[in-house]
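User: Please take a close look at one part of this model and describe how it sits against the rest. A single connected account is enough.

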Amino acid sequence: PDVAGGFALNEDAFRSVMGDGMVRDLMEDLDISMSNPSCLFDAFDPNDDGEVTMAEFVQAILKLRGEPQKNDIISCFVAVRALQDKFDNLSLFLKTRLGDVPRTHKVGPFA
């Protein structure tokens, strides 16, 4: 539950609320696309704890309103680039620590 005394919705309850016609209309009025409401849970649950609190709900609405702006796209690009750099550093670290370890089995589509 939300420690601030508000509500907290699990994924099933969230989908049920977002499937309500009146809620869908309100979200559309706020300029939040409801074309695929089942995918919205992850956007509303940023800490991935399986619940959406009132604070998370409000923050998500503020972030999702309207069309993406150029700064939104740049922010995503910068975050992905930082993640790629961290992965490259981890890969280099593991190679120097473990040496060139031969693969014993293939995993995933790119193996």
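**Helix H4 and its surroundings**

Gly66 follows H4 and has a positive phi, near 75°. Helices (H or I, at least four residues) and strands (E, at least two) are DSSP runs, numbered from the N terminus. This is a predicted model, in which local features need pLDDT of at least 70 and side-chain atom pairs count only at pLDDT 80 or more, while totals for chains, interfaces and linings use all residues. Residues are numbered from 1 along each chain as its sequence is written, and side-chain values use heavy atoms, with hydrogens and water left out.

H4 spans residues 54–64, and its buried residues are Glu56, Phe57, Ala60 and Ile61. Viewed down the axis of H4, these buried residues lie within an arc of 135°, so they line one face of the helix; the arc is that of the directions from the helix axis to the C-beta atoms. An α-helix has 3.6 residues a turn, so residues three or four places apart point the same way. Leu62 and Lys63, on the other side of H4, are exposed. Here buried means under 20% relative accessible area, exposed over 50%, and partly exposed in between (1.4 Å probe, protein chains only).

The buried residues of H4 pack against helix H1 (11–19), helix H2 (21–29), helix H3 (41–44) and strand E2 (51–53). A contact requires heavy atoms within 4.5 Å.

Glu56 is buried yet has no salt bridge, and Lys63, the nearest side chain of opposite charge, is 10 Å away. A salt bridge is a side-chain nitrogen of Lys or Arg within 4 Å of a carboxyl oxygen of Asp or Glu; for charge, Lys and Arg count as positive and Asp and Glu as negative, with His and the chain ends not counted. The side chain of Glu56 does make a polar contact of 3.3 Å with that of Asn47. A polar contact is a pair of N or O atoms within 3.5 Å; within protein, one must be able to donate a hydrogen and the other to accept it, and residues adjacent in sequence count only if both atoms are side-chain atoms. Leaving aside residues up to four places away in sequence, Glu56 touches Phe44, Asp45, Pro46, Asn47 and Glu51.

Of its 111 residues, 16% count as buried. Among contacts between residues at least 6 apart in sequence, 53% join residues at least 24 apart.
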